[in-house]
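Biologist: I'm new to this one. Can you walk me through the pockets and the charged pairs?

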Amino acid sequence: MNLVLDAGHGGKDPGAAYNSLRESDISLGIALSLKELLEGQIYMTRTSDVFVELKDRTALANKHNADLISLHCNAAEKPEANGSEIWCFAREDAHGKETEGSIMAGLILKELCALGFKNRGVKAIYDNKSHVFTYRPLWVLKETKQTALIIECGFLSNKNDTEMLRDFKSIAGAIFKGLNSFKVSR
């Protein structure tokens, strides 16, 4: 597999911080654990607590003609908000066929939900039929030439999700299973 693992945030940008956890630390822990499980050409946008510009994250994926998996955590003012969601560029191509990104996202989301996360769905930022953005044009999704996903693993602002987010290896294992299911289905 030719893949870029993007541990979201880092350095001067810690992302969300709740329940004594920082999003940048969680995303890095998951990325490092996932890298151990994967075979093939695996590239990392960061391997320590440093800041990496968005353009550099996508440039790495485009340079290596690789898919990009960007790992994140959600947060909300309401502590009851919970679950995993995965963002892709588009759900369907211009002909109505489900995109590779949507298929990959669905398989990964299924595995994250098997860990106990609520299914918040696969979401897209672009509608290929009408050629319009249906959500804000998230940089890593619109600028990566290959398949790109933003995985919001769970909510740092939710106690139950927080407990699951502390287990980097289980989350990495779920993402790995989803990626393998995708690979087998191709």
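Modeller: Here are the pockets, then the salt bridges, then one serine. Keep in mind that this is a predicted model.

Biologist: Fine. What volume does the largest pocket have?

Modeller: About 450 Å³.

Biologist: And how many residues line the largest pocket?

Modeller: The lining has 23 residues. Nearest the centre are His 9, His 72, Arg 136, Leu 138 and Ile 150.

Biologist: Which elements supply at least two residues each to the second largest pocket?

Modeller: Strand 6 (84-90), helix 3 (100-114) and helix 4 do. Strand 6 gives the most, three residues.

Biologist: And how does the lining of the second largest pocket divide?

Modeller: Into five nonpolar, five polar and three charged residues.

Biologist: Switching topic. How many salt bridges does the structure hold?

Modeller: Eleven. Take Lys 129 and Glu 92, whose closest N and O atoms are 3.7 Å apart. This pair links distant parts of the chain, 37 residues apart.

Biologist: Where do the two partners sit?

Modeller: Both are in loops. Lys 129 is in the one between strand 7 (119-127) and strand 8 (132-133). Glu 92 is in the one between strand 6 and helix 3.

Biologist: Is Lys 129 buried or exposed?

Modeller: Exposed, because its relative accessible area is 53% and the cut-off is over 50%. Glu 92 has 36% relative accessibility, so Glu 92 counts as partly exposed.

Biologist: What about Glu 143 and Lys 142?

Modeller: Their side chains meet in a salt bridge, at 2.7 Å from N to O. Glu 143 is partly exposed, at 30% relative accessibility. Lys 142 is also partly exposed, at 31%.

Biologist: Which residue does Glu 163 pair with in a salt bridge?

Modeller: Arg 166. The closest N and O atoms of Glu 163 and Arg 166 are 3.4 Å apart. Arg 166 is partly exposed, with a relative accessible area of 39%.

Biologist: Last topic, the serine. Where does Ser 157 lie?

Modeller: In the loop between strand 9 and helix 5 (159-165).

Biologist: Buried or exposed, that Ser 157?

Modeller: Buried. The relative accessible area of Ser 157 is 8%, and buried means under 20%.

Biologist: What does the side chain of Ser 157 reach?

Modeller: The backbone nitrogen of Ala 76, at 2.8 Å.

Biologist: And which residues is Ser 157 in contact with, leaving aside neighbours within four places in sequence?

Modeller: Tyr 18, Asn 19, Asn 74, Ala 75, Ala 76 and Pro 79. So Ala 76 is on that list as well as being reached by the serine side chain, and Ser 157 itself is buried.

Definitions and conventions
Residues are numbered from 1 along each chain as its sequence is written. This is a predicted model: local features need pLDDT of at least 70, side-chain atom pairs count only at pLDDT 80 or more; totals for chains, interfaces and linings use all residues. Side-chain values use heavy atoms; hydrogens and water are left out. On a 1 Å grid over the protein atoms alone, a cavity is a set of points where a 1.4 Å probe fits but cannot get out, and a pocket is an open set with protein on both sides within 12 Å along at least five of seven lines; lining residues have an atom within 4 Å of a point. Grid points are joined across faces, edges and corners, and a volume is the space filled by probe spheres set on the points. Helices (H or I, at least four residues) and strands (E, at least two) are DSSP runs, numbered from the N terminus. Ala, Val, Leu, Ile, Met, Phe, Trp, Tyr, Cys and Pro count as nonpolar, Asp, Glu, Lys and Arg as charged, and the others, Gly among them, as polar. A salt bridge is a side-chain nitrogen of Lys or Arg within 4 Å of a carboxyl oxygen of Asp or Glu. Buried means under 20% relative accessible area, exposed over 50%, partly exposed in between (1.4 Å probe, protein chains only). A polar contact is a pair of N or O atoms within 3.5 Å; within protein, one must be able to donate a hydrogen and the other to accept it, and residues adjacent in sequence count only if both atoms are side-chain atoms. Contact means heavy atoms within 4.5 Å.
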